[in-house]
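Subject: Structure handover and notes

Hello,

I am passing this structure on to you. Please open it alongside this message, and read the notes below with it on screen.

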Amino acid sequence: MQRQIDAIIDLALNEDIGPGDLTAESVIPETARASGLMLLKSAGVISGLNIVGRVCQRVDPAIEWRPLVEDGCTFATRTVIGEISGPARSVLTAERTALNFIQRLSGVATLTRAFVDAIAGTHARIVDTRKTTPGMRVLEKQAVRHGGGSNHRIGLFDGVMIKDNHIAALGGDRAIGEAVVRARSRIPHTVKVEVEVANLDQLDLALDSGAEIILLDNMPVERMREAVEITGGRAILEASGGINLSTVRAIAETGVDLISVGALTHSAPALDISLDLRISDG
């Protein structure tokens, strides 16, 4: 996991720094020192403190990063979330990449917490999707966990989800059972099979096939409630499709087990965080 995270960080640093930081190297004395505070400028849930530290280390091991809070906690505006110090050139070079990561990840965590809070007291859990920023999936899914949500499959390699296009490729609704049988014959017994359905007829076929998880795609709330009654606990039910903060509570109250929300990762606004630095002679 750390190797994967380092690869993401190195890609971001290379994108920003390239062969060198022209401004810092030409303007800032080599002996200058920097120290400063990372400040939360809007309330939210923090995620990515470890990534800030790793960015600093990849730029220059002489940079010291000390988080003052913990990931997954909610903090008010003007909260100081960490302290940084080290060679001024290196700190200035690391600044934007570190902020980009923690602002993005804290935004995901904050939006996730809003969805989790919206369904508090119900049986349902909020889960993410594969609608992530390319290359950032492992970090964004970590941020979802920090926000109190749960992770769906990481990628195509760790879960079977038979969607409408898979079913269409096999000939239509009546192929749902065949698709499940095919999957079962080719995957480890520890992997669950999920089937996407758009109506109650497809739900019946998915239940008859023995699918362990059934995704209710863009179903009206009343139809979801019927689906819960029909299923009677025989499969895990996941609601998905265009869910937002104004609709998620009603969906949770239908009795579904999971609510997957693509917006957690594809539409979360970045949290406003700044780094206030002081530069001194070495």
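This is a predicted model: local features need pLDDT of at least 70, side-chain atom pairs count only at pLDDT 80 or more; totals for chains, interfaces and linings use all residues.

Residues are numbered from 1 along each chain as its sequence is written, and side-chain values use heavy atoms, with hydrogens and water left out.

Strand pairing

Helices (H or I, at least four residues) and strands (E, at least two) are DSSP runs, numbered from the N terminus. Two strands pair if DSSP finds at least two bridges between them. Strand S5 (residues 80-87) pairs with strand S1 (residues 33-40) in the antiparallel sense, over seven bridges. In that pairing, Met38 stands opposite Gly82 of S5. S5 also pairs in the antiparallel sense with strand S3 (residues 64-67), over four bridges. There Trp65 stands opposite Ile84 of S5. When you look at the side chains, bear in mind that in a regular strand they alternate between the two faces of the sheet.

Ser47 sits in the loop between strand S2 (44-45) and helix H3 (49-59). Is Ser47 buried or exposed? Ser47 counts as buried because its relative accessibility is 0%. The cut-offs are under 20% relative accessible area for buried, over 50% for exposed and in between for partly exposed (1.4 Å probe, protein chains only).

The side chain of Ser47 makes a polar contact with the side chain of His146, at 2.7 Å. A polar contact is a pair of N or O atoms within 3.5 Å; within protein, one must be able to donate a hydrogen and the other to accept it, and residues adjacent in sequence count only if both atoms are side-chain atoms. Leaving aside neighbours within four places in sequence, the residues in contact with Ser47 are Asp71, Ile102, Leu105, Ser106, Ala109, Ala143 and His146. Contact here means heavy atoms within 4.5 Å.

Helix H5 (residues 137-146) is largely enclosed by the rest of the structure, because eight of its 10 residues are buried. Those buried residues are Val138, Leu139, Glu140, Lys141, Gln142, Ala143, Val144 and His146. Their cover includes helix H1 (2-17), S2, H3, helix H4 (88-118) and helix H11 (263-266). Just after H5, Gly148 takes a positive phi of about 95°.

Most residues other than glycine have a negative phi, and most peptide bonds are trans. Arg78 has a positive phi, near 80°. Arg78 is found in the loop between strand S4 (74-75) and S5, and is exposed, with a relative accessible area of 57%. Asn218 also has a positive phi, near 55°. The place of Asn218 is the loop between strand S9 (213-217) and helix H9 (221-231), and at 52% relative accessibility Asn218 counts as exposed.

Salt bridges

A salt bridge is a side-chain nitrogen of Lys or Arg within 4 Å of a carboxyl oxygen of Asp or Glu. By this rule the count is 11. One of them is between the side chains of Arg58 and Asp10 (2.5 Å, N to O). That pair links distant parts of the chain, with Arg58 in helix H3 and Asp10 in helix H1, 48 residues apart. Arg58 is partly exposed, at 35% relative accessibility, and so is Asp10, at 31%.

Helix H9 holds two pairs to look at. The side chains of Arg225 and Glu222 meet in a salt bridge (2.6 Å, N to O). Because Arg225 and Glu222 are three residues apart in helix H9, about one helical turn separates them. Arg225 is partly exposed, with a relative accessible area of 29%, whereas Glu222 is exposed, at 51%.

Arg223 forms a salt bridge with Glu226, and their closest N and O atoms are 3.0 Å apart. Both lie in helix H9, three residues apart, about one turn of the helix. Arg223 is partly exposed, with a relative accessible area of 34%, and Glu226 counts as partly exposed at 34% relative accessibility. Elsewhere, salt bridges that share partners join Asp6, Asp10, Arg54 and Arg58 into one network.

Regards
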